[in-house]
Amino acid sequence: MIRLRTVEGASPDVDALVGMYADFGTDDRAQGIPPIGTDRIRDWLTGLEGIHVIAEHRGEPVGHAVLVPVDADALELAIFVHPDYQGATIGTRTLGELLERGAEADATEIHLHVERSNRAAIALYRKYGFTAEETRSMELRMRRSIVEPPTA
């Protein structure tokens, strides 16, 4: 059973999340995150302020998603799922939770970056109302209004 826990502010459970992210291989990283090496992961997590959702299995983190304030009107979304738990609906569940929390914030939209090759994530984001705003050679920038509640 996967349990979700939501925390606002600084990144929670840094030590446990460092352990989860240390298991990520090269193919599990996107746009340079999570960084490589436990010290760099710890530094990245320590500075990550926002709305966090931790997915846990048997008390250990297996997923981490966050909405980070970009400016007064926008939040940036990032979702990471441990490689052993891909396909277990953790991304879908954490996205739904963050969209609900984001709707309670003062921001009006959410942005994200996703690698073009990550078809499963792109399909999930489109299902939840994200549209491609800008394309680059290796990634898509997508956005979604959070004035309206999620509908997927």
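I call a residue buried under 20% relative accessible area, exposed over 50%, and partly exposed in between (1.4 Å probe, protein chains only). I am working on a predicted model, so local features need pLDDT of at least 70 and side-chain atom pairs count only at pLDDT 80 or more, while totals for chains, interfaces and linings use all residues. Residues are numbered from 1 along each chain as its sequence is written, and side-chain values use heavy atoms, with hydrogens and water left out.

**Entry: salt bridges**

I took a salt bridge as a side-chain nitrogen of Lys or Arg within 4 Å of a carboxyl oxygen of Asp or Glu. The structure has nine of them.

I began with Arg143 and Glu133. Their closest N and O atoms are 3.5 Å apart. Arg143 sits in strand β7 (residues 139-145) and Glu133 in strand β6 (residues 131-135), 10 residues apart. Strands here are DSSP runs of E, at least two residues; helices are runs of H or I, at least four; both are numbered from the N terminus. I read Arg143 as partly exposed, at 25% relative accessibility. Glu133 is partly exposed too, with 36%.

Next I checked Glu8 and Arg101. The salt bridge has its closest N and O atoms 3.8 Å apart. Glu8 belongs to strand β1 and Arg101 to helix α3 (residues 90-104), so the pair ties together parts 93 residues apart in sequence. Glu8 is exposed at 55%. Arg101 is partly exposed at 26%.

Then came Arg3 and Glu56, with closest N and O atoms 2.6 Å apart. This pair links strand β1 (residues 2-9) to strand β2, across 53 residues. Arg3 is partly exposed at 47%, whereas Glu56 is buried at 10%. I also noted a network of salt bridges that links Arg3, Arg5, Asp13 and Glu56.

**Entry: His52**

I then moved to His52, in strand β2 (residues 50-57). Its relative accessible area is 0%, so I logged His52 as buried.

What does the side chain of His52 reach at 3.3 Å? I found the backbone oxygen of Gly9. A polar contact of 3.0 Å also joins the side chains of His52 and His64. For polar contacts I required a pair of N or O atoms within 3.5 Å; within protein, one must be able to donate a hydrogen and the other to accept it, and residues adjacent in sequence count only if both atoms are side-chain atoms.

I listed contacts last, meaning heavy atoms within 4.5 Å. Leaving out residues up to four places away in sequence, His52 touches several residues, including Arg5, Val7, Pro12, Ala65 and Val66.
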